[in-house]
Amino acid sequence: MDFTLPQEYLDLQDLYRKFAEEKVKPLAREMDENEKYDMGLLQEMKDCGFFGIPFDEKYGGAGSDVLSYVLCMEEMSKADASTGVTISVHTSLCASSIDQFGTEEQKEKWLRPLANGTKIGCFSLTEPGAGSDVSSARTTAVKEGDEYVINGEKIFTTNSGFADTFLVFALTDKSVPASKGMSAFLVDRNTPGLTVTPDIPRMGIRAASNAAVVYENVRVPAENLLGGVEGKGFKIAMKALDGGRIGIAAQAVGIAQGALNEAVRYVKERVQFGRPIAAFQNTQFKLAEMQTMIDAARLLTYRAAVAKDNGQPYNVYAAMAKLTASDVANQVTRGCVQLLGGYGFAREYSVERMMRDAKITEIYEGTSEVMKMVISGSMNLK
Ligand SMILES: Cc1cc2nc3c(=O)[nH]c(=O)nc-3n(C[C@H](O)[C@H](O)[C@H](O)COP(=O)(O)OP(=O)(O)OC[C@H]3O[C@@H](n4cnc5c(N)ncnc54)[C@H](O)[C@@H]3O)c2cc1C
């Protein structure tokens with residue numbers, strides 16, 4: 001067993017890091033202040049292939065793997081967590097679901113433009129009354145001839161402000177539990193009846209697009225049913241979230257490392273009581289504790305990614321990685337604000353943004369409590 005990244009991954013990490021430093025970091029504060037993602041940056045990332053990392057070249061992807069995607073997520077999120085989630089929802093929730101469950105025709109039509117960066121995807125599962133409990137979803141899809149008619153309201157759909165492809169979950173059979181009666185549909189943004197509300201004002205990841213989506217008599221051809229079989233939606237959603245949690249864990253590791261790097265720079269320059277504050281043992285010990293926590297979270301995240309790449313079970317590893325990394329991101333960003341003192345609280349320094357951004361990693365793609373349900377559920381406690 002070797003815990004070092006092979007050279008090909010180090011090269012990729014270097015590429016992602018350079019891009020994040022040169023292109024993302026300079027825009028991060030402005031995008032947060034404006035609560036709007038920069039469309040020029042989005043286009044550059046599309047052009048660089050960052051939206052198709054783990055997908056087969058045969059479908060226009062980069063032909064790489066989950067570990068490479070994790071490295072990208074980490075580097076982008078070090079600079080800007082909103083960039084991280086934009087890539088993550090597109091890749092692990094929307095495109096991956098088509099990759100895993102789509103028919104060959106669906107992959108050609110829907111995955112290819114997502115993997116080659118022509119289009120952006122989103123994942124419309126959560127409803128106002130159905131968050132952690134996905135099975136209480138009420139959106140329906142009724143078959144009429146060779147079409148389905150979708151009606152319902154989704155909330156918190158990331159990327160929905162600019163996404164082209166909506167993966168939406170709806171009940172096709174209300175007489176059975178959602179685990180058997182839910183199906184997943186591919187919907188083009190321009191389909192009549194699909195309305196995206198203005199973005200929901202938020203505490204963190206404010207540059208990311210996140211809105212409610214209303215589906216009112218949205219008619220899609222039956223061929224848009226993902227996988228071509230009704231009743232698979234719940235399984236598709238759960239699988240997508242299992243994989244998505246690896247990306248969110250990487251986002252959390254990135255946020256934490258980004259904040260720590262800022263703090264390390266700052267403590268060497270800030271002088272109090274005649275010495276740089278880096279000379280105080282409290283500062284050194286805090287930084288040592290935080291770097292150790294980040295490394296632990298990173299190792300859990302890489303373990304989950306490699307397990308997925310190797311075709312091994314990974315859902316519990318993914319839950320452990322997300323549970324740990326999100327907690328670490330919150331502890332570390334809070335600790336970094338403290339190390340910067342009053343300047344850490346000022347918006348001029350990025351650690352306050354990172355502290356706000358860290359919180360969401362404990363909530364979306366399954367809350368920390370849900371992660372504990374997944375982990376304890378694997379422990380043979382009955
Ligand atoms: C910024 C942002 C982006 C998002 N992006 C997307 C997206 O792209 N697509 C999408 O479909 N959804 C998205 N979501 C939704 C997100 O996944 C949900 O918010 C999350 O799953 C929690 O659901 P909820 O908000 O309804 O909270 P609830 O489920 O109401 O939970 C509230 C609290 O109760 C706890 N709780 C609930 N059930 C239990 C239980 N059985 N035992 C113990 N504790 C419990 C939770 O852990 C939490 O602390 C996003 C949310 C946000 C805020």
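Colleague: Where does G311 lie?

Modeller: G311 lies in the loop between α8 and α9, the latter spanning 315-339. Keep in mind that this is a predicted model.

Colleague: Is G311 buried or exposed?

Modeller: G311 is exposed, with a relative accessible area of 66%. The cut-off for exposed is over 50%.

Colleague: What separates the C-alpha atoms of G311 and A325?

Modeller: A distance of 23 Å separates them. Along the chain, G311 and A325 are 14 residues apart.

Colleague: Switching to the overall layout. How is the protein chain divided?

Modeller: Into domain 1 (7-115), domain 2 (121-231) and domain 3 (235-377).

Colleague: What separates the centres of domain 2 and domain 3?

Modeller: Taken over C-alpha atoms, those centres are 30 Å apart.

Colleague: And how many residues of domain 2 are in contact with domain 3?

Modeller: Eleven residues of domain 2 make contact, and they touch 13 residues of domain 3.

Colleague: Now charges. How many salt bridges does the count come to?

Modeller: The count comes to 22 salt bridges. Side chains of opposite charge can pair when their charged atoms come close.

Colleague: Start with K23. Which side chain does K23 meet in a salt bridge?

Modeller: The side chain of E44, at 3.2 Å from N to O. K23 sits in helix α1 (residues 7-34) and E44 in helix α2 (residues 39-47), 21 residues apart.

Colleague: How exposed are K23 and E44?

Modeller: K23 is partly exposed at 34% relative accessibility. E44 is partly exposed too, with a relative accessible area of 32%.

Colleague: What about R298? Which residue does R298 meet in a salt bridge?

Modeller: R298 meets E74, with N and O 2.8 Å apart.

Colleague: Buried or exposed, R298 and E74?

Modeller: R298 is buried, at 14% relative accessible area. E74 is buried as well, at 2%.

Colleague: And D32? Which residue forms a salt bridge with D32?

Modeller: R206 does, the closest N and O atoms being 3.1 Å apart. D32 lies in helix α1 and R206 in the loop between β6 (194-196) and β7 (210-221), so the pair ties together parts that are 174 residues apart in sequence.

Colleague: Are D32 and R206 buried or exposed?

Modeller: D32 is buried, with a relative accessible area of 4%. R206 is buried, with 14%.

Colleague: Which residues are linked with D32 in a network of salt bridges?

Modeller: E35, R206, E352 and R356 are linked with D32 in that network.

Colleague: Which residues line the largest cavity?

Modeller: R29, D32, E33, R347, Y349, S350, E352, R353 and R356. The elements giving two or more residues to this lining are α1 and α11 (351-359). D32, E352 and R356 belong to the salt-bridge network as well.

Colleague: How do the lining residues divide into nonpolar, polar and charged?

Modeller: One is nonpolar, one is polar and seven are charged.

Colleague: Which domains does the largest cavity lie between?

Modeller: Domain 1 (7-115) and domain 3 (235-377) both give residues to the lining, so the largest cavity lies between them.

Note on methods
Residues numbered from 1 in each chain as written. Predicted model: local features only at pLDDT ≥ 70, side-chain atom pairs only at ≥ 80, totals over all residues. Heavy atoms only, no water. Salt bridge = Lys/Arg side-chain N within 4 Å of Asp/Glu carboxyl O. Helix = DSSP H or I, 4+ residues; strand = E, 2+ residues; numbered from the N terminus. Buried < 20%, exposed > 50% of the residue type's maximum accessible area, 1.4 Å probe, protein only. 1 Å grid on protein atoms, 1.4 Å probe; cavity = no way out; pocket = protein on both sides within 12 Å on 5 of 7 lines; lining within 4 Å. Nonpolar A, V, L, I, M, F, W, Y, C, P; charged D, E, K, R; others polar. Domains from an automatic or database assignment. Contact = heavy atoms within 4.5 Å.
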